[in-house]
Amino acid sequence: MAILTLKVGAEALFLLTLSVSKMAPSSFYNGFYVPMLIGIVVSTMVAACAGSFYQDFDLTWGGNRAKIFNSGQLLSLSLDKVSGSGFQSKKEYLFGRIDMQLKLVAGNSAGTVTAYYLSSQGPTHDEIDFEFLGNLTGDPYILHTNIFTQGEGNREQQFYLWFDPTRNFHTYSIIWRPQYIMFLVDNTPIRVFKNAESLGVPFPKNQPMRIYSSLWNADDWATRGGLVKTDWSKAPFTAYYRNFKATEFSSKSSISNSGAEWEANELDAYSRRRLRWVQKYFMIYNYCNDLKRFPQGLPAECRR
């Protein structure tokens with residue numbers, strides 16, 4: 001029995017099982033359909049292959065603390081007492097799905113921040129953030145998310161992860177459509193920010209954004225509000241990246257190139273259950289619940 005993996009676009013995954021040993025050579029099914037399916041599988045998989053970090057990104061700061069190796073398939077950022085490091089995409093994107101696998105700084109990462117985000121430029125920039133706030137050995141990372149529209153953020157949600165992000169690579173994804181922005185971890189949705197322009201809330205939809213990532217020292221705030229400082233005796237601190245993939249969406253289309261309906265319709269039933277599970281058990285801060293922060297009333301998007 002041969003198991004073939006058919007990837008459509010960058011997202012939909014199907015398993016095609018062919019009982020080759022039971023097919024008669026004289027069968028029309030054997031003679032036409034099976035080779036055609038195999039051809040589709042091979043050509044589609046080639047089209048979906050991830051690019052090279054050499055082709056897709058520029059190392060922008062930190063000198064040799066930022067490195068690309070393994071023939072362009074692996075990238076690392078390092079931080080020491082002198083400097084951190086960072087990279088950015090060569091290309092800008094206006095709507096799409098961005099996937100990247102990261103393995104975060106292991107051990108005592110207190111004071112460090114690994115940022116992975118989309119951003120435009122200028123005082124009225126838009127931005128979609130993943131930030132991983134380091135912690136003492138044995139204590140969990142905090143995944144900090146935020147969205148800036150026209151230069152204004154203050155839309156933070158924070159989470160613990162349900163795994164150790166330093167032991168293995170995990171996939172962190174952003175889906176950006178005119179209707180909503182979705183954050184996913186290993187294809188599990190953790191946050192959905194809906195377009196609320198009808199309520200007067202700006203939404204990122206006009207400014208193309210590049211992908212950025214950096215590893216830097218933020219011990220004035222990152223760990224327990226700055227109470228725990230970076231232990232430079234543990235430097236250099238290093239994070240790793242692989243399997244970058246970008247799928248662009250048309251701004252006029254409600255369905256992605258892959259035809260994945262659950263994304264066009266935000267979430268299917270299973271994904272809604274997963275989102276509720278994450279937000280019930282792993283969310284540790286939500287600006288929409290912070291009445292002390294907004295004494296004049298919660299932001300409009302929180303009241304819908």
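Two strands count as paired here if DSSP finds at least two bridges between them, and strands themselves are DSSP runs (E, at least two residues), numbered from the N terminus. The model is a predicted one, with local features needing pLDDT of at least 70, side-chain atom pairs counting only at pLDDT 80 or more, and totals for chains, interfaces and linings using all residues. Residues are numbered from 1 along each chain as its sequence is written, and side-chain values use heavy atoms, leaving out hydrogens and water.

On those terms, β7 (residues 96–103) and β12 (residues 170–176) run antiparallel to each other over 7 bridges, and Q101 sits opposite T171 in β12. Both strands belong to an open sheet of 7 strands, ordered β4-β5-β16-β7-β12-β13-β14, with antiparallel pairing. At the edges are β4 (66–69) and β14 (188–194), each with a single partner strand, so one side of each has no neighbour in the sheet.

As for the loops, S83 lies between β5 (74–79) and β6 (85–89). With 19% relative accessibility, S83 counts as buried, the cut-off being under 20% relative accessible area (1.4 Å probe, protein chains only). Leaving aside residues up to four places away in sequence, S83 touches W61, G62, R65 and S78, contact meaning heavy atoms within 4.5 Å.

Notes
Helix = DSSP H or I, 4+ residues; strand = E, 2+ residues; numbered from the N terminus. Buried < 20%, exposed > 50% of the residue type's maximum accessible area, 1.4 Å probe, protein only.
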